[in-house]
Structure formats: structure tokens, C-alpha cells
Amino acid sequence: MGNGEVDVRLFVPLARLTPPRQSLSAEDQGYLVRVRRLRAGDPFEVFDGKGGRYPAIVDAGLQTATLGPRQPDTAPAALSLELWQGMPKSDKLELVIQKATELGVARLVPLVTRHAVGRLDPERLPKRLERWNRIAAEAARQSGRSDVPDILPPSGFDAFLTRASGAPAALVYEGEAEGSLWAFLSSRAAHASPGTIVVLAVGPEGGFAPEEVDAARRAGIPLLSLGERILRTETAAIVVCALVLAASGGFE
Ligand code: SAM
């Protein structure tokens with residue numbers, strides 16, 4: 001990391017944070033001491049997943065760390081993305097979670113639609129959710145974020161329509177669209193108060209079903225294009241995240 005910043009970062013959820021003396025779990029110690037080879041007195045950074053970051057020093061005995069004061073929060077981006085991602089095959093969803101986190105997504109909801117191929121056995125949901133949120137935390141750590149996006153349980157298209165009725169929203173659609181997603185985002189970012197949530201849905205490999213597109217139209221949710229090329233669902237998700245970040249000045 002640039003300008004003398006520490007490059008070893010550790011996620012300690014806010015609920016577990018006990019500044020100024022922080023006990024290190026066995027997993028924390030494994031990462032700091034065995035993986036990153038820190039020793040007593042070495043500096044690192046703790047982030048709490050809710051925007052807080054703290055300078056930290058490994059204590060003698062390697063069981064605890066001493067935390068400094070919470071650092072000032074970075075200013076929120078103009079737009080904050082809530083991505084409803086048409087359920088792809090599980091490894092693709094994990095790729096989308098990782099890349100969306102690196103690109104600043106605030107919340108991700110796996111979207112179960114008619115053509116979604118990623119079906120989930122309810123028994124396996126708790127373990128899957130834990131894995132997805134762990135992937136998000138690791139991507140936040142690696143990319144320097146101090147907040148960790150929430151990966152929520154899979155929800156259906158009706159839940160998306162309800163959610164979209166309460167925020168600036170759009171269906172990202174490769175068919176007959178009303179405009180471009182970029183124009184939609186640029187205009188909103190220009191007038192939005194920082195942290196304005198935008199709710200965007202990307203279809204699965206098989207696309208949105210006609211009745212889903214019609215339902216979005218009837219609900220007044222704009223259908224917006226990413227241009228001429230037909231992108232794979234995971235590509236479209238990454239492009240959507242990058243466009244939201246670009247509209248918010250996140251690449252400057
Ligand atoms: N109809 C597509 C096809 O013929 O392969 C299937 C859907 S596409 C693979 C997956 C999703 O990515 C779409 O549902 C849409 O949300 C998004 N997408 C891909 N290309 C797009 C584009 N040019 N404009 C808007 N959305 C796009």
C-alpha cells in the first residue's frame with residue numbers, strides 16, 4: 001500500500017472489537033503470525049466491517065494487540081449499490097461476490113428468477129451464507145475497504161419489485177431498453193446526496209423471463225442497457241459495479 005500505510009489488515013467484526021486491548025482469536029493469530037509472519041511490536045491495521053479502521057500493534061505473547069484510535073471515516077461515495085444478482089452456478093456467484101466487493105458494492109442479494117440455474121437446498125443455506133460473507137470479508141480486507149458488504153439470503157423477483165419501489169432502481173436488460181445504465185447513473189450521481197442507494201438487478205445466464213420484464217415495466221422500473229454486446233451474467237455484474245463506482249468518482 002502507498003504512503004507508508006501498513007499492508008497487513010485484519011477484520012475484527014464491530015461486535016467483537018474491544019479497544020484498546022484486542023484479544024486475537026486462534027484464526028487471527030494464525031493469519032498474523034503464521035501467514036503474514038508478524039512479531040511482537042509489528043504494526044498492522046484492524047477494520048471492523050462497518051467503516052472503522054484502527055492502527056494496531058501486536059503485543060508480546062502474540063495473544064492480543066493494542067489498538068489506536070478509530071481513524072476518520074472516508075467520505076461516502078455518491079452512490080451506494082445494492083446488487084440483485086440473478087443466481088448463476090455457485091462458483092460464478094462467488095466470483096461476483098468477490099469482484100463486486102472489490103468494486104464497492106454495499107449489499108448483494110442473490111436473485112432467484114424463473115431462469116436462474118443456481119438453486120439452493122434450504123438445508124445448505126446457512127453454510128453457503130457463511131461462505132459468501134467470508135468471501136466478501138476477505139475481498140474487503142484485500143482491497144483496503146473498512147466496510148464489508150452484506151450478502152443476504154436469496155430472494156425472489158417479487159421481493160426485488162418491492163425493494164425497487166422504494167429506491168432509485170433499474171433492471172439491467174439486454175433487450176428493448178429505455179436508455180443506458182451509464183446515463184441513469186451519471187445523472188443520479190450528479191444530484192445524489194452521498195451514500196444514495198441504487199438498486200440494480202442483473203439477470204442469470206438465461207436472462208429475465210418475459211413476465212419478469214413485463215412486471216418491471218408495469219412497476220415503472222426502467223430497463224437499462226449496457227450497450228450492444230451480450231455479456232455473461234458475471235461480466236454484466238462486474239460492469240454494473242464498475243459503472244456505479246465510476247459514476248461516484250471512485251476511479252479518480
Ligand atoms: N439474453 C441473454 C443471451 O441471449 O445470452 C441471456 C442473458 S445475459 C447472458 C445475462 C444478464 O446480463 C442479462 O439478463 C442482463 O441482466 C445482463 N446483460 C448482458 N448483456 C447486457 C447488455 N448488453 N445490456 C444490458 N444487460 C445485459
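This is a predicted model: local features need pLDDT of at least 70, side-chain atom pairs count only at pLDDT 80 or more; totals for chains, interfaces and linings use all residues.
Residues are numbered from 1 along each chain as its sequence is written, and side-chain values use heavy atoms, with hydrogens and water left out.

**Pockets**

- A pocket here is worked out on a 1 Å grid over the protein atoms alone, as an open set of points where a 1.4 Å probe fits, with protein on both sides within 12 Å along at least five of seven lines; lining residues have an atom within 4 Å of a point.
- The largest pocket holds about 820 Å³ of space, where a volume is the space filled by probe spheres set on the grid points, which are joined across faces, edges and corners.
- Its lining runs to 32 residues, and T74, A77, G104, R145 and D147 are the closest to the centre of the largest pocket.
- Strand β6 (79-86) and helix α7 (233-247) each put at least two residues into that lining; helices (H or I, at least four residues) and strands (E, at least two) are DSSP runs, numbered from the N terminus.
- Sorted by class, the lining of the largest pocket has 14 nonpolar, 10 polar and 8 charged residues. Ala, Val, Leu, Ile, Met, Phe, Trp, Tyr, Cys and Pro count as nonpolar, Asp, Glu, Lys and Arg as charged, and the others, Gly among them, as polar.
- The second largest pocket has a volume of about 450 Å³.
- Lining the second largest pocket are 14 residues, with F11, E27, R134, A137 and E138 nearest its centre. The elements giving two or more residues to this lining are β1 (9-11), α1 (26-35) and α3 (125-143).
- Which helix gives the largest share of the lining of the second largest pocket? That would be α3, with 5 residues.
- The class count for the second largest pocket is 5 nonpolar, 2 polar and 7 charged residues.

- E94 sits in helix α2 (residues 90-102). Is E94 buried or exposed? E94 counts as buried because its relative accessibility is 14%, and buried means under 20% relative accessible area, exposed over 50%, and partly exposed in between (1.4 Å probe, protein chains only).
- Not counting residues up to four places away in sequence, E94 touches R128, R131, W132 and I135; contact means heavy atoms within 4.5 Å.
- The E94 side chain also makes a polar contact with the side chain of R131, at 2.7 Å. A polar contact is a pair of N or O atoms within 3.5 Å; within protein, one must be able to donate a hydrogen and the other to accept it, and residues adjacent in sequence count only if both atoms are side-chain atoms.
- R128 belongs to helix α3, and R128 counts as buried because its relative accessibility is 15%.
- Leaving aside neighbours within four places in sequence, R128 is in contact with S90, E94 and L120.

- In helix α5 (residues 181-191), the buried residues are L181, F184, L185 and A189. They are on the same side of α5 because they cover an arc of only 120° around the axis; the arc is that of the directions from the helix axis to the C-beta atoms.
- A190 and H191 are exposed on the other side of α5.
- The cover over the buried residues of α5 includes β6, β10 (169-172), β11 (179-180), β12 (196-202), β13 (223-225) and α7.
- Helix α4 (residues 157-164) has F157, F160, L161 and A164 buried. Their arc around the axis is only 100°, so they lie on the same side of α4.
- D158 and T162 are exposed on the other side of α4.

- Most residues other than glycine have a negative phi, and most peptide bonds are trans.
- The P19 to P20 peptide bond is cis, with omega near 5°, and P20 is in the loop between β1 and β2 (21-23).
- R37, in the loop between α1 and β3 (43-47), has a positive phi near 55°.
- L62 has a positive phi of about 60° without being a glycine.
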